[in-house]
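Here is a protein to look over. Take a minute with it, then work through the questions and answers.

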Amino acid sequence: RSVPKAAARRGHETVLEWRSIFKTACTRHAEGQLEEAMRGYREALECNPDLCEAHFNAGLIYLHRKQWHAAVDAYQKVLKQNPEWPEAHFNMAQACDKAGLPAQAIQAYGRALALTPDYFEACYNLGCAHLNAKEYIAAVRHLSRATRLREVCPEVYNNLGQAHEGLKELD
């Protein structure tokens with residue numbers, strides 16, 4: 001692969017340099033230095049705009065900061081490059097859910113679960129998203145499945161009970 005033009009303009013002429021920038025950003029992220037980490041991810045992305053991992057990690061910081069729409073944008077970029085990454089779909093779903101985009105959240109949780117059928121958190125959150133959308137049949141289906149994936153989880157049973165109550169209201 002050739003080095004992107006932005007890298008040459010900024011003086012980052014080798015792949016090793018943007019990898020080093022990215023690695024340093026990851027270290028800062030792990031140390032809780034989110035401002036420095038974000039600066040590093042942005043700099044790495046200037047060198048290599050297709051660096052999925054930098055978009056993914058920037059999305060994590062956006063989620064932490066409750067910048068839901070920025071997180072959605074970051075995960076859209078990740079998924080454009082790597083549509084088979086279940087955790088990216090899951091994080092996209094969380095961002096969509098918080099951004100008030102329930103249909104997109106349901107779709108993203110569903111994709112994460114399709115890619116990793118035993119992904120408890122995706123199954124549980126998908127059930128909750130359906131519950132919040134008053135889609136009780138789908139909520140019961142996914143929450144029941146979540147009980148099979150993790151038998152001891154009181155929140156699942158509570159939400160499953162709410163979904164069953166919702167079904168009664170439909171009768």
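**Helices, rings and contacts**

In helix 6, Pro86, His89, Phe90, Met92, Ala93, Gln94, Cys96 and Asp97 meet Gln104, Ala105, Ala108, Tyr109, Arg111, Ala112 and Leu115 of helix 7. Contact means heavy atoms within 4.5 Å. Helices (H or I, at least four residues) and strands (E, at least two) are DSSP runs, numbered from the N terminus.

This is a predicted model, where local features need pLDDT of at least 70, side-chain atom pairs count only at pLDDT 80 or more, and totals for chains, interfaces and linings use all residues. Residues are numbered from 1 along each chain as its sequence is written, and side-chain values use heavy atoms, with hydrogens and water left out.

Q: How are helix 6 and helix 7 oriented to each other?
A: Axes are lines fitted to C-alpha atoms, for helices over the stretch in contact, and angles run from 0 to 180 degrees between N-to-C directions. The axes of helix 6 (residues 86-98) and helix 7 (residues 102-115) cross at roughly 160° and come within 8 Å. Angles under 35 degrees count as roughly parallel, over 145 as roughly antiparallel, 65 to 115 as roughly perpendicular and the rest as oblique. Helix 6 and helix 7 are therefore roughly antiparallel.

Q: Is the crossing of helix 9 and helix 10 left-handed or right-handed?
A: The axes of helix 9 (residues 136-149) and helix 10 (residues 154-170) come within 9 Å and cross at roughly 155°. A crossing is left-handed if the near helix is turned anticlockwise from the far one by less than a right angle, and right-handed if clockwise. Helix 9 passes helix 10 in a crossing that is left-handed.

Q: How many helices does the protein have?
A: Read along the sequence, the pattern is α-α-α-α-α-α-α-α-α-α. The protein has zero strands, and its helices number 10.

Q: What kind of pair do the rings of Phe22 and Tyr41 form?
A: The structure holds six aromatic pairs. Rings of Phe, Tyr and Trp (its six-membered ring) pair if their centres lie within 6.5 Å; planes under 30 degrees apart count as stacked, over 60 as edge-to-face and the rest as tilted. Here the centres are 5.9 Å apart and the planes are at 45°, so the pair of Phe22 and Tyr41 is tilted.

Q: What kind of pair do the rings of Phe56 and Tyr75 form?
A: Phe56 lies in helix 4 (residues 52-64) and Tyr75 in helix 5 (residues 68-81), so the pair ties together parts 19 residues apart in sequence. The ring centres of Phe56 and Tyr75 are 5.4 Å apart and the planes are at 85°, so the pair is edge-to-face.

Q: Is Ala37 buried or exposed?
A: Ala37 is found in helix 3. Buried means under 20% relative accessible area, exposed over 50%, partly exposed in between (1.4 Å probe, protein chains only). Ala37 has 0% relative accessibility, so it counts as buried.
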